[in-house]
Amino acid sequence: MSENQKKHIAILGSTGSIGTQALEVIAANSDRFQVEVLTAHSNADLLAEQALKFKANAVVIHDESKYKALKDRLFDEGIKVFCGRDALAEVVEMETIDLVLTALVGFAGLKPTMRAIAAGKQIALANKETLVVAGELITKAAREKGVNIYPVDSEHSAIFQCLSGEFHNPIEKIYLTASGGPFRGMSLQDLKSVTPAQALKHPNWDMGAKITIDSASMMNKGLEVIEAKWLFGLKPEQIDIVVHPQSIIHSIVQFEDGSMKAQMGLPDMKLPIQYALGYPERIKSDFPRFDFMKYPQLTFEKPDYKAFRNLQFAFDAMQKGGNAPCVLNAANEIAVKEFLAGNIGFLAMSDLIEDCLQNVTYIAQPRLENYFETDSETRAYASSKISSL
Ligand SMILES: NC(=O)c1ccc[n+]([C@@H]2O[C@H](COP(=O)([O-])OP(=O)(O)OC[C@H]3O[C@@H](n4cnc5c(N)ncnc54)[C@H](OP(=O)(O)O)[C@@H]3O)[C@@H](O)[C@H]2O)c1
């Protein structure tokens, strides 16, 4: 493939779990992909190493205190260095970029994703929080601009893969599978005393801290339900969750004739990342293959909505619509941060989210700027409640 035919990629959050795995995929397929832009929050050392290795055109570091040292290291190599929040949103508009992989965490993804879509860039979306917060605006903007949003989340990639060749066949229902996380089977009483260290030990996936806590509290599945609604144009009653502790079946589509298609494979994020970057091609890989004999039993359970209250909050926020999912997301981001810092207990995360959903100003038809206001209001409200939890 000539340099011009390669897909030129920006990775927002290249130093994280998804970002580093995406770079492994790119390194293994350097004949197809070229790195244009890499970004990080504050890990300037890794960002510099990555930029030099992949000959990036530009990097963005969010933390302005790291800017000078990074610039000194990369400038002579011909790599442009930018810093700050605005730079992240501006850099995605670079003419040379074909596709933006949104692998940063949280609400911070909203602005650059909107700007990338407005600039007509294809999106590989890992940053589910953006779709949770502003799914209606994002998907509308993408339709208007003819931008495809390729899901990176393994469950949504599974649904996307199952829909291949089914363009004219409506979805009856989807089942998102959930591992159940490290606390599967625990009662509310058991969950009272679990610690951040225990919550950070996911049985099947090695991921960033925020999504690992979200998996332990099942908020991750709740966010994924809302993400699925927007990605696949579903009604809430068309989305169900099934707990599948082995994480082999990544999700299932049920069609109107009753037939179900599931996508399966070992739990390895490189596969959905590669599918999103390489779509529509299935690029030959040497990822380990699934062996049926090592998994003689694939099992399924109902989620426990009583012990994992976040699941119900997510369904409720999706039903309510407007800015409610934005409140849910911001409250959860604060809850996770405070839980990780040891300031609140595991169950207090759900109490805080419930409180925010009940008390933050509701907006039925938010515009883009309203999401920023709602995010700030929720963070301020949630932070003011921490000492009383
Ligand atoms: N990890 C997975 O297996 C997985 C699976 C499915 C979906 N996802 C989704 O993918 C996204 C990334 O998850 P992750 O596990 O890769 O997270 P992660 O390991 O924590 O990495 C986050 C990345 O974003 C950067 N970042 C963090 N906060 C930022 C901010 N405010 N502004 C700009 N950049 C920021 C980080 O930079 P520094 O390194 O400098 O902090 C890092 O590069 C999340 O939305 C998650 O839900 C992840």
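This is a predicted model: local features need pLDDT of at least 70, side-chain atom pairs count only at pLDDT 80 or more; totals for chains, interfaces and linings use all residues.
1. Strand β5. This strand has a parallel neighbour in strand β1 (residues 7-12), and four bridges hold the pairing. Within that pairing, Ile 9 is placed opposite Leu 99 of β5. Strand β6 (residues 122-125) also runs parallel to β5, again with four bridges. Here Thr 102 faces Leu 125 of β6.

2. Cover and crossover. Leu 99 and Leu 101 point to one side of β5, Val 100 and Thr 102 to the other, and all of them are buried, so both faces of the strand are covered. Together with helix α5, the strands β5 and β6 form a β-α-β unit that is right-handed.

3. Gln 254. This residue belongs to strand β10 (residues 249-255). The side chain of Gln 254 makes a polar contact of 2.6 Å with the side chain of Glu 172. Leaving aside residues up to four places away in sequence, Gln 254 touches Ile 171, Glu 172, Lys 173, Tyr 175, Ser 259 and Met 260.

4. Phe 107 and Phe 372. The model has eleven aromatic pairs. One of them joins Phe 107 and Phe 372 edge-to-face, with 5.3 Å from centre to centre and 80 degrees between the planes. Phe 107 is in the loop between β5 (99-102) and α5 (110-118), while Phe 372 is in helix α16 (residues 368-385), so the pair ties together parts that lie 265 residues apart in sequence. Phe 107 is buried at 9% relative accessible area, whereas Phe 372 is partly exposed at 28%.

5. Phe 339 and Phe 346. The ring centres of this pair are 5.6 Å apart and the planes meet at 70 degrees. The pair counts as edge-to-face because the angle is over 60 degrees.

6. A ring cluster. Which residues are linked into a cluster by ring pairs? They are Tyr 150, Phe 160, Tyr 275 and Tyr 279.

7. Charges over rings. Lys 71 has its charged end over the ring of Phe 75, at 5.5 Å from the ring centre. Lys 320 has its charged end over the ring of Tyr 362, at 4.5 Å from the centre.

Notes
Residues are numbered from 1 along each chain as its sequence is written. Side-chain values use heavy atoms; hydrogens and water are left out. Helices (H or I, at least four residues) and strands (E, at least two) are DSSP runs, numbered from the N terminus. A polar contact is a pair of N or O atoms within 3.5 Å; within protein, one must be able to donate a hydrogen and the other to accept it, and residues adjacent in sequence count only if both atoms are side-chain atoms. Contact means heavy atoms within 4.5 Å. Rings of Phe, Tyr and Trp (its six-membered ring) pair if their centres lie within 6.5 Å; planes under 30 degrees apart count as stacked, over 60 as edge-to-face and the rest as tilted. Buried means under 20% relative accessible area, exposed over 50%, partly exposed in between (1.4 Å probe, protein chains only). A charge sits over a ring if NZ of Lys or CZ of Arg is within 6 Å of the ring centre and within 35 degrees of the ring normal. Two strands pair if DSSP finds at least two bridges between them. A crossover is right-handed if, with the strands pointing away from the viewer, the path from the first strand over the helix to the second runs clockwise.
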